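Please read them with the structure open beside you.

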Amino acid sequence: MRRDIPPLAEVRRITEKKRDAWWTVLLVDPVATPLVRLTAMRTRITPNQITWGAFLLGLVSAACFAFGDWRWLIAGALVYHLSFILDCMDGKVARLTGQGSVFGAWLDFVFDRIRVAVCGVALMAGQYDRTGDTVYIWLALAVVGLDTLRYINSLEIFKIRYNMRKQIKARVREARRAENSAEVAFMEDLLRNNPSADIEHDIRKTSTMSEPVSEAGSETVSEPRSEPGSEEATGVPQKPQGQVIDLQQEFRHRFPVYLRMRSFLLRHRIRTHLVSGIEFQMGVFIVGPLLDAVIEATLVSGALLLVFELAIIYKLLLSTRDFTRTIDSFERDEVATAA
């Protein structure tokens, strides 16, 4: 038995994500985290072995779904949830024991996609065999298609945001190389690291402490001056002499209630993307089978997933406008400096 595993509270701090799906935070982590500590202390099971176990349980769940009877639906839903608990444990064990690997991350991703596809086809095939209703054939295609769309969209948005940040950091480094100043910081990162902060007060404080780099109406880039106790006063960690760039400024201005909701959810480790791929899977493979309402649960889960994906795309659109204004402000500063 390993004796270097810390107490449960420390295991939670190490293994649980700062932001996660509400289903995971409320219904999975309370079970998975103690099991992770027990597994790390008393076994030599590796994260990849846990990933394989989650995948195999997913296949068992698909077999239950394929029978179509309501009793098998309940069994399939319970097994699927156990599979998801194991799926959450592999990453936690990797973080706790330092056994994480690039191949393990790839294996986890691929097995997740296969599990969703197999369970989706098996569930709808079982219901089609039971009822003869062709709508289940279309629902099988919808489940696989929506899950694929979700991950493709997530990947592309990540790439776009990464490229925007990369370009801005390159411009800041180029403009400040001679001054040897601090690196750039992004407002959303500062807020994420301190979710208990009063966000609206933070933004107003940052605005009063900084001088706009660009013209009126383009306040995306600002340079907060370091003041004693500024971090404690605003709640947002300040970077002395560094630029704070807010690529969500327009979105916050259009939806001020989002700030309060975001702050509340982050204090409870829940991300604002309330219906993502996880909640979609749980609606289709757990809620629907348990209630024997597969069609209704799939349609509602799919509609909510699309709504939140469209909201993320709209948020990205507004963010690209903030990005354009930020880049334009650098160009205007370069012209002014040259003049």
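1. Please keep in mind throughout that this is a predicted model.

2. The search of the whole structure finds 13 aromatic pairs. In one of them, the rings of Phe109 and Tyr151 have their centres 5.6 Å apart and their planes at 75°, so this pair is edge-to-face. Because Phe109 belongs to helix α5 and Tyr151 to helix α6 (residues 135-176), the contact ties together parts that lie 42 residues apart in sequence. Both residues are partly exposed, Phe109 at 39% relative accessibility and Tyr151 at 28%. The rings of Phe158 and Tyr162, by comparison, have their planes at 20° and their centres 6.4 Å apart, so that pair is stacked. Elsewhere, ring pairs join Phe251, Phe255, Tyr258 and Tyr314 into a cluster.

3. Arg115 lies over the face of Tyr80, where the distance to the ring centre is 5.4 Å.

4. Which residues make the nonpolar surface patch of about 400 Å²? The patch is made by Trp52, Leu56, Leu59, Ile114 and Val118, and the elements that give two or more residues to it are α3 (47-67) and α5 (102-131). Helix α3 gives the most, with 3 residues. Val118, which sits in helix α5, counts as partly exposed at 32% relative accessibility.

5. The structure holds 17 salt bridges by the whole-structure search, and Glu250 takes part in two that I would examine together. With Arg254, the closest N and O atoms are 2.9 Å apart, and the two residues are 4 apart in helix α10 (residues 249-254), which means a separation of about one helical turn. With Arg325, the N to O distance is 3.3 Å, and this pair links distant parts of the chain, since Arg325 lies in helix α13 (residues 294-338) and Glu250 in helix α10, 75 residues apart. Glu250 is buried, with a relative accessible area of 13%, whereas Arg254 is partly exposed at 44% and Arg325 is partly exposed at 24%.

6. A network of salt bridges links Arg12, Glu16, Asp29, Lys92 and Arg269. Within it, Glu16 and Arg12 form a salt bridge whose closest N and O atoms are 3.2 Å apart. Glu16 is buried, at 14% relative accessible area, while Arg12 is partly exposed at 30%.

7. Finally, how many disulfides does a search of the whole structure find? The search finds 0. For Cys64, the closest cysteine sulfur is that of Cys119, at a distance of 9.5 Å, which is too far for a bond because a disulfide here requires sulfur atoms within 2.5 Å. Cys64 counts as buried, at 9% relative accessibility, and Cys88 is likewise buried, with a relative accessible area of 15%.

Key: Residues numbered from 1 in each chain as written. Predicted model: local features only at pLDDT ≥ 70, side-chain atom pairs only at ≥ 80, totals over all residues. Heavy atoms only, no water. Buried < 20%, exposed > 50% of the residue type's maximum accessible area, 1.4 Å probe, protein only. Patch = residues over 30% accessible without salt bridge, like charges linked within 9 Å, V, L, I, M, F, W, Y side chains within 5 Å. Areas by Shrake-Rupley, 256 points an atom, 1.4 Å probe, with all protein chains shown as cover. Salt bridge = Lys/Arg side-chain N within 4 Å of Asp/Glu carboxyl O. Phe/Tyr/Trp six-rings, centres within 6.5 Å; stacked < 30°, edge-to-face > 60°. Lys NZ or Arg CZ within 6 Å of the ring centre and 35° of its normal.
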